[in-house]
Amino acid sequence: ISANTIPADPPTVTITPNHPTTFCEGDSVDLDAGPNYYAYLWSTGATTRTIRVKTTGDYWVHAYKVQAGYYATAQVHVTVNPLPKAPNIVPTGNKKFCQGGSVGFELGPLSTYTNVTYLWPLTGDVTPSIVTTIGGGHYLVVTDVNGCTAKSDTELVTVNPLPQPVITPVGPSSACYDVNVTLAATPGFSTYVWSNGTYGQTKLMTASGSYTVTATDINNCQG
């Protein structure tokens, strides 16, 4: 075999990842063999300049400068760490309560961990269990030693406001002897209990004094 030319010198190639090659399950990394090559062949069978990798393994590329020429080889190892098991949280009380109340959340019996950190994003707590007075969606995030995270289901907490009844005299609040004074509380609540032991939204008062009313709404909250 004879020829009057020789192949071009063997090229060099470098694989450049777009972020660290060690990451958590569900993420990925793009491996770039660089521009200005005639052709590429990856260990995955791909023939593109870049590939996207989501699994652990050794990945190599053959990069050709010219057709039928020498190729350059580069290899990189990718490590994909598994996610921790998703935590299961359970409430320790009623998730619907009146303002001033609270509810607790703790890990379920099947959720046991070692070497993890905890975070309840809605409250900022970093313990495996909490007691909260805050309404909204509560969930727990666990993070393992590799920085991989798992999120629990979301538990919705409803905090009902307390009633704020207002007492208004129907007519004058002072009268002569043997003339009653009528007091009316804000309408719309379920029950009313006056400080003299009587009931009802409106009440005839026959004696001088200061009176209060306790109103209970449909959520059984009192004010």
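**Exercises on strand pairing and disulfides**

Asp32 stands opposite Thr50 in β5. The model is predicted, so that local features need pLDDT of at least 70 and side-chain atom pairs count only at pLDDT 80 or more, while totals for chains, interfaces and linings use all residues. Residues are numbered from 1 along each chain as its sequence is written, and side-chain values use heavy atoms, with hydrogens and water left out.

**Exercise 1.** Determine which strands pair with β3 (residues 29–32), and in which sense.

*Solution.*
1. A strand is a DSSP run of E with at least two residues, numbered from the N terminus; two strands pair if DSSP finds at least two bridges between them.
2. β1 (residues 16–17) meets β3 over two bridges, in the antiparallel sense; Pro17 has Leu31 as its bridge partner.
3. β5 (residues 50–53) is also antiparallel to β3, over four bridges.

**Exercise 2.** Locate the two disulfides and describe what each connects.

*Solution.*
1. A disulfide is a pair of cysteine sulfur atoms within 2.5 Å.
2. Cys24 is joined to Cys148, with an S to S distance of 2.1 Å. The link runs from β2 (residues 22–24) to the loop between β14 and β15, 124 residues apart.
3. Cys98 and Cys221 are bonded, with their sulfur atoms 2.0 Å apart. Cys98 is in β9 (residues 96–98) and Cys221 in the segment after β21, so the pair ties together parts 123 residues apart in sequence.
4. Counting bonded cysteines along the chain gives the pattern 1-3, 2-4.

**Exercise 3.** State whether Cys24 is buried or exposed.

*Solution.*
1. Buried means under 20% relative accessible area, exposed over 50%, and partly exposed in between (1.4 Å probe, protein chains only).
2. Cys24 has 18% relative accessibility and therefore counts as buried.
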